[in-house]
Structure formats: structure tokens, C-alpha cells
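Take a look at the sequence and the structure below. We will walk through them step by step.

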Amino acid sequence: MSLAELDDTTDAELVRLIADARSDALRALYDRHVGSLLVRLSRRCSDRAVVEEVVQDTFLAVWRGARSYRGDGSVAGWVWGIAVRRLIDTVRSRPRLEWVGVLASEAPSAEELVLLGIEHGDLSGALDRLSPELRAVMRATALDGLTTREAAVLLGIPAGTVKTRLMRARRELREALA
Amino acid sequence: MSWHIDEGTLERYVEAQIGEVDSDSIEAHLMACDDCRRATSRMVDVERRDRIWGRVCDRVDQPTARRGESILRWFGLPTHTARLVALTPAISASWLSSVVTVLVLAVLASQSLNGDPIVFLVMAPLVPVVGVVVAFRHPVDPLYEVGMASPTGGFYLVLVRATAVLAASLVVTVIPSLLFAELRLTMGWLLPAFLVTVLTLVLATMTEISTAAVVVSTAWVAVAVVLERAASPQVSIFGAGAQLIIAAMAAALVAVLFARRNIFERL
């Protein structure tokens with residue numbers, strides 16, 4: 001299989017090839033995922049060097065652990081799961097690292113609101129009105145799929161605080177959408 | 001996926017010029033959409049992409065550490081010493097398992113002699129001696145060339161590996177020895193084992209290490225058997241008094257070994 005053929009291969013097939021120690025398959029998977037990983041991690045950690053290190057470790061883990069991919073769930077989700085847990089480990093070992101969970105956000109433009117082409121009701125507006133702390137907790141748990149404890153490490157707050165903020169965020173969203 | 005994020009929006013997401021909530025939405029979409037994910041990768045600076053890939057490659061090509069090596073490093077041994085130990089032929093699983101087999105046979109032989117542990121006690125000290133020979137006989141040593149060329153080389157290498165062989169032999173010999181009821185008898189081989197190993201190393205400064213091992217082993221078996229036959233149980237070579245003498249001799253030999261360490265540097 002040549003590089004051009006690898007281009008048409010699905011992610012899951014690439015992972016199977018990686019399990020057979022095919023480094024060209026790793027390269028193909030890297031090219032597909034590196035961009036979204038870099039940007040997504042950068043939104044969660046402001047240190048460029050750390051983000052690159054996490055991406056590097058992630059693909060090394062994919063290389064060594066391709067056999068452990070069970071095929072249930074998307075490869076993108078699997079790779080992201082590895083990456084975000086690497087990030088947590090790094091933050092844990094270097095407690096002074098800054099987590100960028102609370103960026104000031106601008107009001108969404110009309111263009112951005114129609115971005116998804118889906119009628120949200122006012123979900124987008126309701127999310128935007130959440131305080132940055134509450135939104136950070138929502139993102140870490142709902143979007144990134146972290147446990148309360150993992151989110152606590154990343155956000156640098158106690159696990160109990162993650163839970164109460166999560167409850168408050170849900171209540172505010174419910175009220176805003178009612 | 002039936003719809004895609006338009007180029008401009010994706011570009012502003014990559015450059016972090018878009019609202020938090022929208023960025024979150026884009027990320028949720030990226031998890032599900034192969035095409036948009038590939039488009040994101042194309043927007044990342046090529047130079048940065050290649051640099052990170054280069055670092056991944058470097059580590060992919062690195063040999064993975066042996067299992068034993070990482071355990072040793074976990075115990076705080078520096079990397080280079082851990083590798084030296086892990087690559088010592090006498091510490092391979094196959095070698096150690098054959099040693100255990102021989103020793104279990106020795107225990108069985110002892111028990112057929114009405115529980116007299118003499119066969120085991122005489123054989124056990126030979127385990128590290130043979131181990132040291134295997135460790136330094138270069139045709140089977142993957143690190144022989146490296147050892148020859150290494151600046152630390154010589155004596156340091158000998159010490160590290162001899163200690164590793166002794167420790168490994170100790171562990172595998174203790175297991176069969178526990179089959180004996182009487183602890184004093186079963187542990188009597190420890191100091192003799194140390195003595196004959198150091199003696200082998202000292203003789204190795206004068207002659208081939210395999211020759212040294214044969215001489216020492218033969219001498220040990222002869223002395224042990226003759227003394228055990230002649231002596232009453234109270235003055236056994238594995239008894240307290242004799243063990244003290246053996247310890248003193250071993251200490252003296254260690255001193256001799258250190259005095260002659262220059263010879264190993266030229267080995």
C-alpha cells in the first residue's frame with residue numbers, strides 16, 4: 001500500500017496498520033489529526049511548548065498502543081482521549097502551568113450563530129451568558145469527556161467545586177431555555 | 001457528514017479569533033467530521049507540523065527499554081547502569097530458570113540423602129560463579145564491544161555486573177533453599193557463595209575467567225566435601241564459626257580485588 005492509497009484509508013484501518021508497525025500509517029494519521037489536536041489543546045493550555053510535547057507524546061502512545069484500540073468509538077475520540085489525559089498528567093507534574101479555561105469571550109456574530117446551520121433556540125446565547133468559570137467546567141466534562149476529578153486537575157480547583165459549578169451551570173441553562 | 005464548516009470560520013477558529021461557545025461547537029463537529037479535521041491540519045503551519053513529526057519519529061525509532069531495565073530504573077538506578085544490568089547474559093529469564101531447575105534437583109537429591117542438605121549447600125555457591133563467567137564470556141554478551149569501548153569500562157563494568165549476578169543468583173537460590181526446614185542449614189551457602197565469586201574475580205586478574213571459575217569451583221567442592229566428611233556436625237563448614245572465617249576471607253579478597261582493579265581497565 002502506497003502513501004497515496006493510505007490517503008483513502010479510514011482512520012480505523014490506519015490504526016490497524018500502525019499496530020503492524022507501519023510508520024507510514026502513523027504519518028498519515030498524524031497528518032489528519034495534528035491540526036485539530038494542536039488547536040484544541042492550545043485552547044486548554046497556553047504554553048506552546050507543552051502543547052507540542054503533548055501532541056508528540058500522544059502519537060508515540062498511538063504508535064505503542066495501537067493494539068489496544070478496540071474499534072468501538074471513533075479514532076478521533078480515542079486519540080483525543082489520549083491527548084487530554086497526557087495534558088492532565090503534564091499539568092499535574094507541573095502545577096504552575098496555566099490552564100486557559102477562562103478566556104474572555106466576545107459576543108457571537110450573526111454569522112457565527114448560523115455557523116452550525118442548526119436552529120439552536122437560544123442555546124448558544126444561553127451558553128455565552130454563562131460565567132467563564134461555569135463554561136470551563138461544562139467544556140471539560142461535557143465536551144472533553146473528562147471525569148470530575150480530571151477536570152479538577154486541569155482547572156486547578158477542588159473536585160467538589162467542579163461538581164457544584166456543573167450543577168449551577170445546568171440550572172442556569174435550564175432556566176435560560178425554559 | 002452532510003455539512004462542513006466554511007474555510008473562513010475554520011481559519012478564525014485556528015487563529016483563536018472566535019467566541020468560546022462557537023469554538024466549542026466547532027470542536028464538537030471536528031470530532032465527528034473527517035473532512036473538516038483534515039482541513040484544520042492543512043491550516044497549521046507546515047514547519048511546525050514537520051518539526052513535531054520529526055520528534056515523534058526520533059522516539060519511534062528508539063529501541064524500547066527492556067522490561068527488566070524499566071523496573072531497575074524505577075528502583076532509582078541510573079539509565080546506563082540499568083541497561084548494563086538488564087543486558088547481562090546471566091540475568092536473562094532462560095538462564096535464571098535453568099538455575100532454578102538445577103537447584104531444585106539438588107534439593108531433591110539432598111532429600112533422598114535423608115534430608116542432608118550437603119548436595120544443595122555445595123552446589124548453591126557455584127551459581128554466581130557460573131553466572132559471572134557467563135556474564136563476562138564475550139561471545140554471548142551483546143554489550144561486549146560497548147564495554148570494550150566505554151570510558152567508564154573495566155572495573156566499573158565488572159563491579160556492576162558481578163553485583164547484579166550475585167543479587168540475581170541470591171534471589172533464585174533462596175527459593176529452592178526454602179524447601180529445607182532448618183534455616184541455619186539452608187542459609188549456610190550465602191557467605192561461601194560470596195567468597196567463591198570474589199575469589200573467581202581475583203583469579204580472573206591473573207588468568208582467563210573460565211579457567212579461574214573451574215579452578216575455584218573444583219577447589220570449593222573438594223574442600224567442602226572433605227571437610228564435611230571429616231568434621232563433626234558441630235564444626236561444620238556451614239556452622240557459625242566457619243562462616244565467620246569465610247566472611248573474613250571474603251572481605252580480604254574484596255580488598256585484593258580493589259588493589260588489582262587496574263588490570264580490569266586493561267581487560
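Which helices do the buried residues of H5(A) pack against? Keep in mind that this is a predicted model. In chain A, the partners are helix H2 (11–19), helix H3 (23–42), helix H4 (48–65) and helix H9 (148–155).

Now look at H5(A) itself. This helix covers residues 75–93, which makes 19 residues. From its first C-alpha to its last it reaches 27 Å, close to the 27 Å expected at 1.5 Å a residue. Its buried residues include Trp78(A), Trp80(A), Ile82(A), Leu87(A) and Val91(A). Arg86(A) is also buried.

Next, turn to the place where the chains meet. Here 36 residues of chain A are in contact with 30 residues of chain B. On the chain A side, H3, H4, H5, helix H7 (123–129) and helix H8 (132–143) each give two or more residues. H3(A) gives the most, with eleven residues. By type, the chain A side divides into 16 nonpolar, ten polar and ten charged residues.

Finally, move to chain B. Helix H1 of chain B spans residues 7–14, and its buried residues are Leu10(B), Tyr13(B) and Val14(B). Why do they sit on the same side of H1(B)? Because they cover an arc of only 100° around the axis. There is a general rule behind such patterns. An α-helix has 3.6 residues a turn, so residues three or four places apart point the same way.

What covers the buried residues of H1(B)? The cover includes H3 of chain A, together with H2 and helix H3 (34–43) of chain B. Just after H1(B), Ala16(B) takes a positive phi of about 55°.

How values were computed: Residues are numbered from 1 along each chain as its sequence is written. Chains are lettered from A and ligands numbered from 1 in the order in which they are written. This is a predicted model: local features need pLDDT of at least 70, side-chain atom pairs count only at pLDDT 80 or more; totals for chains, interfaces and linings use all residues. Helices (H or I, at least four residues) and strands (E, at least two) are DSSP runs, numbered from the N terminus. The expected span of a helix is 1.5 Å times one less than its number of residues. A residue is buried if 20 or more other C-beta atoms lie within 10 Å of its own, exposed if 12 or fewer, and partly exposed in between; C-beta atoms are placed from the backbone. Two residues are in contact if their C-beta atoms, placed from the backbone, lie within 7 Å. Ala, Val, Leu, Ile, Met, Phe, Trp, Tyr, Cys and Pro count as nonpolar, Asp, Glu, Lys and Arg as charged, and the others, Gly among them, as polar. The arc is that of the directions from the helix axis to the C-beta atoms.
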